[in-house]
Amino acid sequence: MTSDGTRAVHAGLPTVHPGGPFGNNPVFASTFHMSGDPEGPYQYGRYANPTWVALEEAVGELEGADAASTVTFASGMAAVSGALLALAEPGATVVLPSDGYPATRAVGDHLAARGVTVRVAPTAADAQATALRGADLVWLETPSNPGLDVCDIARLCELAHAEGALVAVDNTLATPLGQNPLALGADLSVASGTKALTGHSDILLGYVACADRAVADRVRGWRTMTGGIPGPMEAWLAHRSLATLHLRVDRQAANALALATWLRGRAEVGDVRHPGLADDQAHAVASRQMRRYGCVVAFTLPGREHAERFLDALRLTAVATSFGATHSMAERRGRWPGDDVPAGFIRFSVGCEDTEDLIADVAQALDAALAHRA
């Protein structure tokens, strides 16, 4: 099975046998029967759980890893911090994107306090290539959140590996059906499963998929020690959500491109960004490494007040801080510290609504924001 939809539907399902359940069911256990010396995969609830293992097998199939090389976490930031803190020892050098998710850069502050040298450079134009000398771990985020810049994963992996560095890619926005960093040479693909992977705004989840089992063992050891484990119900719901992943991301990507194209026609809307736009500055690189361009559209309105009038006037679109769900969401990113964006910058997560209804909602909200200003 090579097609994305078929893999998403069948990933991690149990072996077929007469009388067996069709799907995996959640296992609620903190303790497992164990006689004599510790052996077997299930000993204690903080070490492993059959529900995680099924999800890890499924995510590994989509990311190009395997169950033993995929580690799930209680949230996206648990996965990000787990990978960074497990792999960056005192004295190491880590390269982070200066325009990536602010919480990831906050982990960089903790690394620096532990004796790790942290360098930062922006995503666009592969600028992180200038900071690779002597690096031990390089963190890429492509497309970047929220600016939607893209870097060449394969090129940066080649350059980083020449320095002896591991490369991790935050694959949250793209999803494993949008791009596969491990196939492009990365050592780790890290994501917040809270977003498009699960897609219903009701689960916190994260994962780290590794090309090398030894690297995965280090990350898993960190999870066991710190207890950043996912709950079995969350893992089960996440696994169930995978069966519709291809349907959701296809619809979201089509809607996002339609909205981005339409927004170009509004005089008050500036700097519309989406990697799927043929003339977007990220499109050339994105088209070489992405199969789907994601659900996020970024644009800038004339100032904070104008942006907030627009958000207040939306009817179908929720004002919330996330992306990747079946329902559309938007927010003014400047309300959060750490995002270096204009006051009127909007991150718009496009959902699965009918395209015409979604654009009509945005149109009436933009009109309302203009009318109030007048």
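Tutor: Gladly! Keep in mind that this is a predicted model. The count of aromatic pairs in it comes to 4, and one of them is formed by Phe 299 and Phe 348.

Student: What makes Phe 299 and Phe 348 an aromatic pair that is tilted?

Tutor: Their rings are 6.5 Å apart, centre to centre, and a pair needs centres within 6.5 Å. The planes make an angle of 35°; under 30 degrees would count as stacked and over 60 as edge-to-face, so the pair is called tilted.

Student: Which parts does this pair tie together?

Tutor: Phe 299 lies in strand β9 and Phe 348 in strand β12, so the pair links parts that are 49 residues apart in sequence. Phe 299 and Phe 348 also form one aromatic cluster with Phe 310.

Student: Why does Phe 299 count as buried?

Tutor: Buried means under 20% relative accessible area, and Phe 299 has 0%, so the label applies. Phe 348 is buried too, because its relative accessibility is 0%.

Student: How do you know that β9 and β12 pair?

Tutor: Pairing takes at least two bridges, and 5 bridges join β9 to β12, which run antiparallel. For example, Ala 298 has Arg 347 in β12 as its bridge partner.

Student: And what makes the charged end of Lys 195 sit over the ring of Phe 323?

Tutor: The distance to the ring centre is 5.5 Å, and the rule asks for NZ within 6 Å and within 35 degrees of the ring normal. Lys 195 is therefore described as sitting over Phe 323.

Key: Residues are numbered from 1 along each chain as its sequence is written. This is a predicted model: local features need pLDDT of at least 70, side-chain atom pairs count only at pLDDT 80 or more; totals for chains, interfaces and linings use all residues. Side-chain values use heavy atoms; hydrogens and water are left out. Rings of Phe, Tyr and Trp (its six-membered ring) pair if their centres lie within 6.5 Å; planes under 30 degrees apart count as stacked, over 60 as edge-to-face and the rest as tilted. Helices (H or I, at least four residues) and strands (E, at least two) are DSSP runs, numbered from the N terminus. Buried means under 20% relative accessible area, exposed over 50%, partly exposed in between (1.4 Å probe, protein chains only).
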